[in-house]
Each structure stands twice: as structure tokens, then as C-alpha cells.
Amino acid sequence: MTSIATAFTPASYWMESAPGPRYPALEPGGPALEVDAAVVGGGVAGICTAWELARAGRSVALVEADRLASGVTGHTTAKVSALQGLAYQRIRDARGEDAARAYAASQADAVARVRRACAELAIDCDLEEAPAYTYAQEAEALGAVRAEAAAAADAGLDASFVTATDLPFPVAGAVRVPGQAQFHPRRYLLALAADAAARGARVVEHSRVTALHEGDPCRIVTEAGAEVRARDVVVATHYPVFDRGLLFARLTPRRELVVAAVLPAGGAPRGMYLTPEQGTRSVRTAPYGDGRRLLVVTGEKFAPGAGGVTARFERLAAWTRDRFPDAEPAFRWSAQDTWTPDRLPYVGALHRASRHAWVATGFAGWGMTGGVLAGALLAGRLTGSPPPWADLYDPGRRNPVREAPALLKQQAEVARHFLGDRLSSGGGADAARAVPRGGGTVVRVGGRQRAVFRDEAGALHALSARCTHLGCLVQFNDADRTWECPCHGSRFGTDGAVLEGPATRPLERCDDPPADDPPADGADGQGTGGQGADGTGAGSGGER
């Protein structure tokens with residue numbers, strides 16, 4: 001493996017290998033579409049919710065801002081596992097043994113639902129049963145791994161502590177849970193969407209919802225002016241695009257990177273692996289033609305807008321090369337997810353006064369399993385038969401003592417960016433002139449902050465640097481060539497278009513770009529902006 005910029009194709013394998021059908025946009029001008037339930041967001045949680053409701057005989061509208069399963073879901077690692085790092089000892093210690101058992105039951109139910117759906121609909125999605133492992137290489141981490149094996153077993157999983165795996169390097173020990181699943185996420189979810197449509201669901205793409213009016217019925221309105229009326233509305237947009245209940249103040253966004261490389265099938269591990277060491281590393285493989293498998297490695301967790309993303313990719317690639325020297329570089333992409341203070345998802349009423357608006361968010365890196373779970377839970381709520389573990393995920397839960405440290409840390413980080421970035425963002429024309437081709441930075445122009453990007457032809461493009469969500473200043477991602485809000489994780493293209501919420505409006509174009517004297521031909525894109533390529537990070541919240 002040489003460099004990220006030249007060795008890996010900047011695209012998600014799941015997106016490249018399953019383009020999928022196209023659905024029409026919701027057009028304005030006619031009468032409002034009327035349904036029992038409107039689901040906003042066409043990722044795993046939204047598609048699973050719409051499918052479950054359609055199967056239950058409800059009329060459904062599934063409304064996606066871009067393409068189905070193309071954001072978070074199209075950039076996952078696609079594990080469906082009830083074993084999730086060191087979750088069970090944390091849940092038991094924070095919320096008790098009953099909560100840990102309920103969590104295990106709900107996650108195991110999600111794994112079983114995927115298997116049943118694949119069998120019922122004959123979905124060709126490379127579904128494979130595989131054991132899941134949480135491992136440690138260092139002796140210092142063995143205590144936590146042993147404790148997790150015991151906690152997971154006490155919660156009801158078939159968990160054991162082992163010292164042997166099929167990884168090509170030694171481990172000190174691991175938790176092992178057999179019978180978990182991995183699959184091609186887009187093939188699976190596009191099949192569910194097609195089945196929902198066949199059952200009468202209205203599926204639309206390229207229809208960004210910008211307004212929600214709760215009532216009887218509820219109404220959602222797209223940026224084009226189209227309207228849907230529904231008894232119930234489910235907001236499944238990854239990070240909720242509506243701030244009711246102040247969920248944005250209780251969610252922390254984090255990004256992770258993915259590199260994928262091709263291995264001979266005979267030497268490829270068949271388990272699904274995760275270690276909390278070295279900034280988290282996740283490993284799985286997927287079918288990749290005759291005699292080969294695709295190695296998918298995830299890690300390098302960081303806050304949006306933190307910078308140095310190309311260097312992070314290089315570290316992840318080096319880790320992969322050191323442990324899998326025969327792997328041939330193939331793809332790279334990035335992902336984003338949100339964490340709640342107690343690291344359990346919020347799935348339920350959008351806010352405490354809500355009667356017909358619902359939400360699914362905060363999957364903490366386990367969006368495939370959590371999204372399937374959310375679909376079952378929300379469909380149960382809306383049809384009057386919620387699963388027995390539904391209250392575990394209630395967004396209205398509060399524990400001020402336990403949540404306070406995480407909330408204070410998150411809000412302090414937001415305040416630091418909101419105020420500190422305004423004071424530290426400096427440089428005007430000189431800083432803008434120094435931006436290389438393919439690079440970007442934030443500069444001051446007439447007392448205002450501008451997000452400036454230089455394209456490959458050398459032209460400079462200026463946008464307002466204020467995130468359209470709550471006004472924090474965006475920062476440049478040098479690998480994905482995107483603008484990212486460090487406060488709540490909104491992401492924008494270099495043209496200002498919204499790639500990921502909670503923002504619903506694009507960055508404003510500026511008519512006062514800084515004076516420019518573009519760099520000489522041959523600038524290599526290093527420095528302020530670094531190397532990168534568009535399209536590598538359209539998703540978020542990947543499953544580890």
C-alpha cells in the first residue's frame with residue numbers, strides 16, 4: 001500500500017456494487033399525499049420502519065432527501081451483532097442487570113429479523129452467519145474483555161472467553177458470540193424498500209423534508225413545497241433534523257474511517273472482530289468474486305471538523321498493511337454516527353409532549369443492528385404492540401447524575417468551537433492565496449468568516465463558514481473534500497449543498513470572495529487542504 005490518494009478508490013464498495021433502482025421525487029403543486037405514517041429518512045432505520053408498517057397493513061410514505069440507503073447506511077461495515085464491544089458490563093453497571101438482559105434480547109431479535117426477512121423475500125445480499133469477537137492484544141486490556149464475556153453471558157448471550165481466533169496475528173484474549181450476521185447492506189435494504197412499495201408504500205427520493213407540523217394529522221413539507229399528511233411521522237434522519245426535545249444537545253457526533261482491500265479467500269478471516277485498543281479497530285470480510293474476499297477495516301474515530309483526515313487514513317492503511325501484508329488496496333470511505341450520554345439509542349417519542357411524532361437516533365456505531373431494532377420498535381409503537389424492551393430506548397429517559405459529565409463535556413466542546421473558532425479563524429487574502437488545488441480553509445473577509453475551496457482548475461470558491469443549523473463555523477475535511485460542523489456534525493459539499501444534517505439549508509454562497517492569486521500549476525494539494533476526492537464520506541454512522 002502506497003498512499004491513500006493513489007492506492008484506494010475513494011468510494012464505498014456497497015455503493016459501487018449495488019446502484020439500485022431510482023424512485024421519483026415528491027412533486028409540489030398537487031393535493032397533499034395522505035397516509036397513515038410518513039417516514040422521513042431512507043437509511044436502515046427508516047426503511048426497516050416503513051417495511052414493518054407496510055407489512056402490518058399501514059399506508060406509508062418513505063421520504064428520502066437523496067438516494068435510499070446512500071448516506072449512513074451506504075458507508076457502514078454492515079455487521080449485525082448482539083456483541084458490541086464492551087457494552088454489557090457498561091449497561092449492567094449503569095442501569096442494572098434487567099437492562100442488560102433487555103438490551104441483549106433486543107439486539108438478538110434484530111439479528112433474527114434479518115435472517116427471517118432474507119428467507120421470506122429470498123434476498124440475495126451475501127448474508128453470512130459469523131461469530132463476533134471483542135478482542136485485546138495487550139495483557140492490560142484482558143480484565144475488561146473477561147468481564148465483558150461474563151456480563152454478556154449473564155445478559156443471555158452465548159458468550160465465552162477464548163484465546164484463539166482466525167485473525168492472522170495473535171490476541172491475548174477475546175469475547176466470542178457465535179451465530180451473528182454480516183451482509184451487503186444496500187442489497188438487503190433496497191429489497192425491503194421494493195417489498196414495501198409492492199405492498200403499497202409510496203417511496204420517494206430527492207425530497208428533502210424541511211418542516212414538520214405536529215397535529216391531527218401531522219404534516220411534513222419538502223424544500224420544494226410538496227406536502228404529506230400523516231397520523232404519525234417518524235424522523236429517521238440519523239441526526240434528527242428537527243430539534244424538538246433538544247436532542248441535539250444530548251447527541252455527540254463522531255466520524256470513523258474505512259479502508260477495504262482484497263484478500264485470497266483462503267487466508268481471509270471469517271469472524272467479525274472489534275478491539276477498543278489503538279483508537280478502535282474493526283475487521284470483517286465480505287465475498288468479492290471467485291476465490292477472493294474484501295477485507296473491511298474501520299477505525300480512527302474523531303470529531304467532525306477535527307482535521308488531518310488524510311493522515312488518519314494513512315494510519316489506518318498502515319495498520320491494515322502490517323497485519324494483512326497480502327491485501328491489495330481497493331476502496332476507502334468514511335462514516336459518521338451519534339452517541340447518546342449513556343450510549344443507548346433514542347427510539348421513541350420525538351419529545352415528551354409528542355403523541356404522533358417519533359425518532360430513531362444515537363446508534364453509537366451499531367447502526368445496522370440498531371436500525372433493524374428501531375424499525376421493529378417503532379412499528380410496534382404505531383400499531384399498539386410494542387416489544388417488551390421498548391422502554392429501554394425511550395428518548396425521554398433522564399438520569400441527571402449519570403448523564404451530567406457527558407452532557408457538560410459535550411456542551412463545553414460546542415461552546416469552545418462556537419466562540420473559540422471565531423477568535424482563532426484568521427488570515428485573509430494571504431491565507432486564501434495559499435490554499436492549494438483541492439484544498440480549503442476558513443478565512444476572514446471584511447470581518448466575516450468565509451469557507452474557501454480551490455478547485456482543480458485553480459478557481460477559488462467562497463461560502464459563508466457559518467453552519468446553517470446553529471451557526472458554528474465549519475472546518476475542511478481534506479480527504480473527503482467536504483465542510484464539516486464540529487458542533488453537531490452537519491456536513492456540506494464544496495458547493496455548499498447539505499450532505500448530512502441536522503442542517504437542512506445549504507451554506508450561503510458569497511459575493512465577496514477574497515482577492516486571489518492562485519498557486520502555480522502543479523500544486524500538489526498538500527498543506528491547508530491536503531489530498532482527497534469527492535464522494536468518500538457521504539455516509540455516516542457506520543456499523544463497526
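This is a predicted model: local features need pLDDT of at least 70, side-chain atom pairs count only at pLDDT 80 or more; totals for chains, interfaces and linings use all residues.
In what order do the four strands of the open sheet lie, and is their pairing parallel or antiparallel? The order is S22-S23-S24-S25, and the strands pair in the antiparallel sense.

**The open sheet**
- Strand S22 (475–477) and strand S25 (498–500) form the edges, each pairing on one side only.
- Strand S23 (residues 482–484) is joined to strand S24 (residues 491–492) by two bridges in an antiparallel pairing.
- Opposite Glu484 stands Arg491 of S24.

**Helix H5**
- Helix H5 comprises 25 residues (97–121); at 1.5 Å a residue it should span 36 Å, and because its end C-alpha atoms are 36 Å apart, the two values agree.
- Its buried residues include Ala99, Tyr103, Gln107, Val111, Val114 and Cys118.
- Among the elements covering the buried residues of H5 are helix H3 (44–55), helix H4 (87–95), strand S7 (173–182), helix H7 (185–198) and helix H9 (367–383).

- In soluble globular proteins, nonpolar side chains tend to be buried together.
- The largest nonpolar core has 87 residues, of which Tyr88, Tyr188, Leu192 and Leu294 touch the most other members.
- H5 gives the most to this core, contributing nine residues.
- Leu192 is in contact with Ile47, Cys48, Trp51, Ala117, Leu121 and Ile123, leaving aside its neighbours within four places in sequence.
- Another core, of 28 residues, lies apart from the largest one and includes Leu33, Ile220, Ala226 and Val228.

Key:
Residues are numbered from 1 along each chain as its sequence is written. Side-chain values use heavy atoms; hydrogens and water are left out. The expected span of a helix is 1.5 Å times one less than its number of residues. Buried means under 20% relative accessible area, exposed over 50%, partly exposed in between (1.4 Å probe, protein chains only). Contact means heavy atoms within 4.5 Å. Two strands pair if DSSP finds at least two bridges between them. A nonpolar core is a set of buried Ala, Val, Leu, Ile, Met, Phe, Trp, Tyr and Cys residues joined through side-chain atoms within 4.5 Å.
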